[in-house]
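This report covers a metal site, a strand pairing and a helix packing. Start with the structure below.

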Amino acid sequence: MMTANRVRRKMPPGMVNTREFNKENFKSCGLQLIFHVMKEFKKEQNKLRTHVNEILHSIFFLGIIHKDSLTPEDIIPEKIAEITRQEFPEPFKKYKSHLPKRTPFSILLDIMQLTYGTKDKVLKELCILMEKLKFPYPLDKPANKNQRYYTLESTVICVCSNSQRTSDEYFGASLGCRTRGAKSIMIYSSCINTWHEHVSYAVMSFEHQPEGDSLQFHESLRCQAYFRDWKDNTYKERQPCMNCKRLFSLSAGTEQEHYPYGNCAETECLSKLLLNDQFMRENIKISHFTPDKIKMLKDCTRERLRKLLASIPSLSNMNNDDLPCF
Ligand SMILES: [Zn+2]
């Protein structure tokens, strides 16, 4: 009996290595990103304080919900952690009690837009930065989509605008957190806290109902996604997936995706567009939207989020009322 248990518990060597590799990848991506934003923070003479607070919070949260329950001290070397804590105490206090509003890469994208402004410049500088940060290649071989390594990089980003005011560009990133659990937490949390109500509504309606309700944007919508091609380190255009075709009525959704609704970069940039552009807000069509229905969908999402958070060992000593605030 004892032997059988021992045999069952023992992981195959390959799996142990992958787990250890993923843990180290998370730690090194997190640390590289922290070093980068700290440097930008000093360069920009403290203008990026909110962004640094937010990115630290988001990295620490993804760390603590990681299989290996990584604390900020596991990610940042002791001496640097102390200095960081003095300058940015907030994320150290709230990473286990508050949910982040977006992933670290989305916040980085915001910083890039603030620094470089236009799409072409942002994409170019992002490639240079990604090469410098040496984030790991997410797949073990390009053809094997099942073996994904942890990286905090979003593989796809999306830029959208209203063609009547193209100077206002909105950026979005796909969810850069690798595991299904972490993705679901970020999607549920974004539905409740972050995204424009219509985007949340579409995502939740497809997630919780057999037949979802699509959004139909005004024809002046321009929306283009890009993925980073590792071979020549440039961003290349990418067609929307079937999920985005269903959610946002985007054309040419030919690629099959197995990600949950809301995972794609389109979700974040279209939400930003709606939050900022009155014309696009006033000219959107959604079927079956009522305040009662969105309330019901949000309650359902909140319940799923609560269950998911309660199942995470590093948060399991909290009772339901103490689960991270949303
Ligand atoms: Zn998509």
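## Zinc site

C241 is buried, and C264 is buried too (under 20% relative accessible area with a 1.4 Å probe, protein chains only). The model is predicted: local features need pLDDT of at least 70, side-chain atom pairs need pLDDT 80 or more, and totals for chains, interfaces and linings use all residues. Residues are numbered from 1 along each chain as its sequence is written, and side-chain values use heavy atoms, without hydrogens or water.

The zinc ion is coordinated by the SG atoms of C241, C244 and C264, at 2.2 to 2.3 Å. Donors are N, O and S atoms within 2.8 Å of the metal (3.2 Å for Na, K and Ca); water is not among the atoms, so sites may look incomplete. The donor spacing is C-x2-C-x19-C. C241 sits in the loop between β5 and α11 (242-248), and C264 in the loop between α11 and α12 (265-276), so the pair ties together parts 23 residues apart in sequence. Helices (H or I, at least four residues) and strands (E, at least two) are DSSP runs, numbered from the N terminus.

## Hairpin

Strands β4 (residues 221-229) and β5 (residues 234-238) run antiparallel, joined by 5 bridges. Pairing requires at least two DSSP bridges. R228 has Y235 of β5 as its bridge partner. The hairpin has 4 residues between the strands, and N233 takes a positive phi near 45 degrees.

## Helix packing

The axes of α9 (residues 180-193) and α14 (residues 291-310) come within 10 Å and cross at roughly 145 degrees. Axes are lines fitted to C-alpha atoms, for helices over the stretch in contact; angles run from 0 to 180 degrees between N-to-C directions.

Technical notes: Buried means under 20% relative accessible area, exposed over 50%, partly exposed in between (1.4 Å probe, protein chains only).
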